[in-house]
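The sequence and structure come first.

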Amino acid sequence: MATSTNTDWVGSWTPHVEEWACELAGTALLLVGGLTAVTVDFGVRSPVVGWLPSVGTRLLLTGAIFAGTGSLVAISPIGRRSGAHLNPAVSLAFWLTGHMHPRDLLGYWVSQVLGAVLGAGLVRLVWGELALSVHVGVTHPGPGISMPAAAAIEGLMTAALILVIFWFVADPGRMRYTPLAVWVLITILVWKVAPLTGTSLNPARSMGPAIADWYFSCWWVYIVGPLSGASLAVLIARAISQVLWPGTAKLFHDASYPTIFRHGGRRHAQMFQ
């Protein structure tokens with residue numbers, strides 16, 4: 001069995017079906033939890049709107065639930081197995097740093113999108129008209145925000161997310177707090193920036209509802225923006241690699257679980273033994 005101390009590709013040409021399946025399941029759970037929060041907090045005629053009339057308060061609650069769902073997945077057994085990327089932009093970043101095999105990048109992307117569609121479809125099925133009233137949580141630029149501006153904002157937010165992840169997983173003493181840091185950051189970004197772009201940061205998160213509701217509004221913004229932001233984050237990390245270079249491609253490193261990822265070099269291989 002592969003262990004988390006490996007620095008070479010694990011079974012370079014063998015499909016890592018279990019990891020891909022965990023990534024699919026984790027992304028589906030992320031969308032179920034997050035889109036349920038969007039539906040209940042902002043759906044037309046939802047009682048929560050009356051209980052919490054403040055849009056800011058509901059955004060804060062939605063962000064906390066959405067991000068919290070992802071963080072819970074990260075520390076769950078499926079997250080410890082796959083690394084809980086749950087986001088094509090996160091996987092792209094780890095591929096660009098050399099931690100992921102190209103085959104696994106493709107496998108994760110497919111799994112993440114399928115999981116997002118599954119999760120969004122379940123939300124539509126369970127919540128019915130309430131979910132449809134918010135287009136199952138489709139993201140789109142806010143009033144007065146152009147599509148290029150929205151893509152740029154999404155890119156900058158995604159870059160910040162990736163850099164936070166990199167900083168935490170660069171050191172064994174910090175890495176256990178990565179899910180907590182991601183939870184706090186995304187909660188704040190949803191709270192403060194969702195009125196501008198919807199705060200996606202995640203192509204799969206936006207594609208899932210768009211496909212489930214067949215509502216493609218400015219869809220390219222939420223692919224180009226986050227993927228560009230991930231690439232920008234890697235460029236910044238390369239410039240100051242001693243501080244930000246990730247040692248693992250898992251958001252919650254657990255040595256008792258096998259890994260399909262490389263570590264960041266000899267220094268990290270020694271750190272994670």
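A polar contact is a pair of N or O atoms within 3.5 Å; within protein, one must be able to donate a hydrogen and the other to accept it. The side chain of Asp-171 reaches the backbone nitrogen of Gly-173 at 2.8 Å. The model described here is a predicted one.

**Asp-171**

Asp-171 sits in the loop that runs between H8 and helix H9 (172-175). The cut-offs that apply are under 20% relative accessible area for buried and over 50% for exposed. Asp-171 has 28% relative accessibility and therefore counts as partly exposed. Between the C-alpha atoms of Asp-171 and Ala-84 the distance is 18 Å, with 87 residues separating them in sequence.

In soluble globular proteins, nonpolar side chains tend to be buried together. The largest nonpolar core in this model has 53 residues, and Phe-94 and Ile-165 touch the most other members. Two or more residues of this core come from each of helix H1 (17-42), helix H3 (55-75), helix H5 (88-96), helix H6 (102-127), helix H8 (147-169), helix H10 (178-197), helix H11 (203-213) and helix H12 (221-239). H8 provides the largest share of the core, 8 residues.

Which residues does Phe-94 contact, leaving aside its neighbours within four places in sequence? The contacts of Phe-94 are His-85, His-99, Met-100, Ile-165, Phe-166, Pro-246, Thr-248, Ala-249 and Leu-251.

**Ser-91 and its surroundings**

Ser-91 is a residue of helix H5. Its relative accessibility is 0%, so Ser-91 counts as buried. The side chains of Ser-91 and Gln-112 are joined by a polar contact of 2.9 Å. Not counting residues up to four places away in sequence, Ser-91 touches Gln-112 along with His-85, Met-100, Leu-105, Tyr-108 and Trp-109.

**The largest pocket**

The volume of the largest pocket is about 780 Å³. Its lining has 40 residues, and those closest to the centre are Phe-66, Thr-139, Gly-198, Thr-199 and Arg-205. At least two lining residues come from each of H1, H3, H8 and H10. H3 gives the most to the lining, with 8 residues. Sorted by class, the lining has 25 nonpolar, 14 polar and 1 charged residues.

Thr-199, one of the residues closest to the pocket centre, belongs to the loop between H10 and H11. Is Thr-199 buried or exposed? With a relative accessible area of 5%, Thr-199 is buried.

**Positive phi angles**

Most residues other than glycine have a negative phi, and most peptide bonds are trans. Thr-199 is not a glycine, yet its phi is positive, at about 50 degrees. Cys-218 is also not a glycine and has a positive phi of about 60 degrees. Cys-218 lies in the loop between H11 and H12.

Gly-34 is part of helix H1. With a relative accessible area of 0%, Gly-34 is buried. Not counting residues up to four places away in sequence, Gly-34 touches Phe-66 and Thr-69. Phe-66 is also among the residues closest to the centre of the largest pocket.

Val-169 is found in helix H8 and, at 0% relative accessibility, counts as buried.

| Pair | Separation in sequence | C-alpha to C-alpha distance |
|---|---|---|
| Asp-171 and Ala-84 | 87 residues | 18 Å |
| Gly-34 and Gly-119 | 85 residues | 9.5 Å |

Technical notes. Residues numbered from 1 in each chain as written. Predicted model: local features only at pLDDT ≥ 70, side-chain atom pairs only at ≥ 80, totals over all residues. Heavy atoms only, no water. Core = buried A, V, L, I, M, F, W, Y, C linked by side-chain atoms within 4.5 Å. Buried < 20%, exposed > 50% of the residue type's maximum accessible area, 1.4 Å probe, protein only. Helix = DSSP H or I, 4+ residues; strand = E, 2+ residues; numbered from the N terminus. Contact = heavy atoms within 4.5 Å. 1 Å grid on protein atoms, 1.4 Å probe; cavity = no way out; pocket = protein on both sides within 12 Å on 5 of 7 lines; lining within 4 Å. Points joined across faces, edges and corners; volume = space filled by probe spheres on them. Nonpolar A, V, L, I, M, F, W, Y, C, P; charged D, E, K, R; others polar.
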